[in-house]
Amino acid sequence: AAKRGRLGTSVYEPGLDEHHAAQLTVISDLRRALDQCELVLHYQPKADLRTGEVCGAEVLCRWQHPTHGLLGPDRFIPAAEETGLIEPLTQYVLDHALAQCQAWHLTGWDVPISVNVGAQCLHDMTFPEQVAAALKHHGLDAAVLTLEITESAIIADPHRATDVLTRLRELGVRLSIDDFGTGYSSIAYLRTMPVHEMKIDRSFTTNMRTDASSGAITRSLLGLAHNLELEVVAEGVEDEETWSVLAALGCDIVQGYCLSKPLPADEFATWLRDRTLA
Ligand code: C2E
Ligand code: CA
Ligand code: CA
Ligand code: CA
């Protein structure tokens, strides 16, 4: 345990002087992880607030690291973004998630999936073709796929991001703005971005019962999104009361521990079966 702790510290939480060497380790480590399929995907259900029915799942990746154990995305996504590995990582997640989606389809379940897209993908004009190829490879309709993008990814190069998003939209993929309200100058971009959905960040929804300003922000974002004809997903919904408040406010979709935490594919299938039979 001591050795793991020491290694964990030196590899993933470097001091400034160690930053470069540590990054090289992360790069080769992550490359291997992608080659050896060490990244595992978890699925978190979303429910339609009007019917209570499951309407899809967000794909969230974890790294089953041979020595460090199961690592959450906060431990490696930032490094992947910094080192250019986020593009192959996004491809990996897309490919494995679509394969799972097709497997579920064959057993009679059509579960639309949402995949998180790294910032750099939005600046790569070939990304839409890669998405089209992956859908074709797995024999899936573009409508099963929602891509979640963040405001900061758009703001880095709004013109190119708009081109990439427009191409993706033309393919028939749904687009969602993630973590809305946590970045900068987001409202201006909302007007011109070809997106279908807004996700209200959990920093607002989780506290809305107890914190008046979080509640006010959530209500304002809902109004804004609906005026722009976007569907709204509230993430981080942990309790029944918040669920009811959001339903009363006319929010469209909920996601959060209240429904389920993210689950490995087989546990997700069991969860879905139990829920459908119940
Ligand atoms: P995100 O896209 O905002 O994902 C939602 C995060 O909130 C997930 O954390 C999820 O487990 C957590 N969450 C869901 N419901 C609740 C709740 O009711 N309460 C609380 N407290 N938390 C909840 P996770 O899985 O640790 O992912 C963290 C972030 O890592 C994600 O934030 C996303 O930005 C990034 N990420 C995860 N998987 C991928 C991926 O495949 N590609 C890329 N580019 N980023 C990813
Ligand atoms: Ca997300
Ligand atoms: Ca989010
Ligand atoms: Ca978030």
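On a 1 Å grid over the protein atoms alone, a pocket is an open set of points where a 1.4 Å probe fits, with protein on both sides within 12 Å along at least five of seven lines, and its lining residues have an atom within 4 Å of a point. This is a predicted model, in which local features need pLDDT of at least 70 and side-chain atom pairs count only at pLDDT 80 or more, while totals for chains, interfaces and linings use all residues. Residues are numbered from 1 along each chain as its sequence is written, chains are lettered from A and ligands numbered from 1 in the order in which they are written, and side-chain values use heavy atoms, with hydrogens and water left out.

**The largest pocket**

The largest pocket has 37 lining residues, and E58, L60, N116, D178 and D179 lie nearest its centre. Its space amounts to about 1100 Å³, a volume being the space filled by probe spheres set on the grid points, which are joined across faces, edges and corners. Strand β2 (54-65) is among the elements that each supply at least two lining residues, and β2 gives the largest share, five residues; here helices (H or I, at least four residues) and strands (E, at least two) are DSSP runs numbered from the N terminus.

**The calcium sites**

Donors are N, O and S atoms within 2.8 Å of the metal (3.2 Å for Na, K and Ca), and sites may look incomplete because water is not among the atoms.

| Ion | Protein donors | Distance |
|---|---|---|
| calcium ion (ligand 3) | D178 (OD), D179 (OD), E235 (OE) and E235 (OE) | 2.2 to 2.6 Å |
| calcium ion (ligand 4) | D179 (OD) and D201 (OD) | 2.6 to 2.9 Å |

The calcium ions of ligand 4 and ligand 3 lie 3.3 Å apart and are bridged by D179. Because D179 lies in strand β6 and D201 in the loop between β7 (197-200) and α9 (202-205), the pair ties together parts that are 22 residues apart in sequence. D178, in turn, coordinates both the calcium ion (ligand 3) and the calcium ion (ligand 2), which are 3.9 Å apart. D178 in strand β6 and E235 in the loop between β8 (231-234) and α11 (240-248) link parts of the chain 57 residues apart.

Buried means under 20% relative accessible area, exposed over 50%, and partly exposed in between (1.4 Å probe, protein chains only). D178 and E235 are both buried, D201 is buried at 11%, and D179 is partly exposed at 25%.

**The cysteines**

With a disulfide taken as a pair of cysteine sulfur atoms within 2.5 Å, the structure holds zero disulfides. The sulfur of C251 is too far for a bond, because the closest cysteine sulfur, in C55, is 10 Å away.
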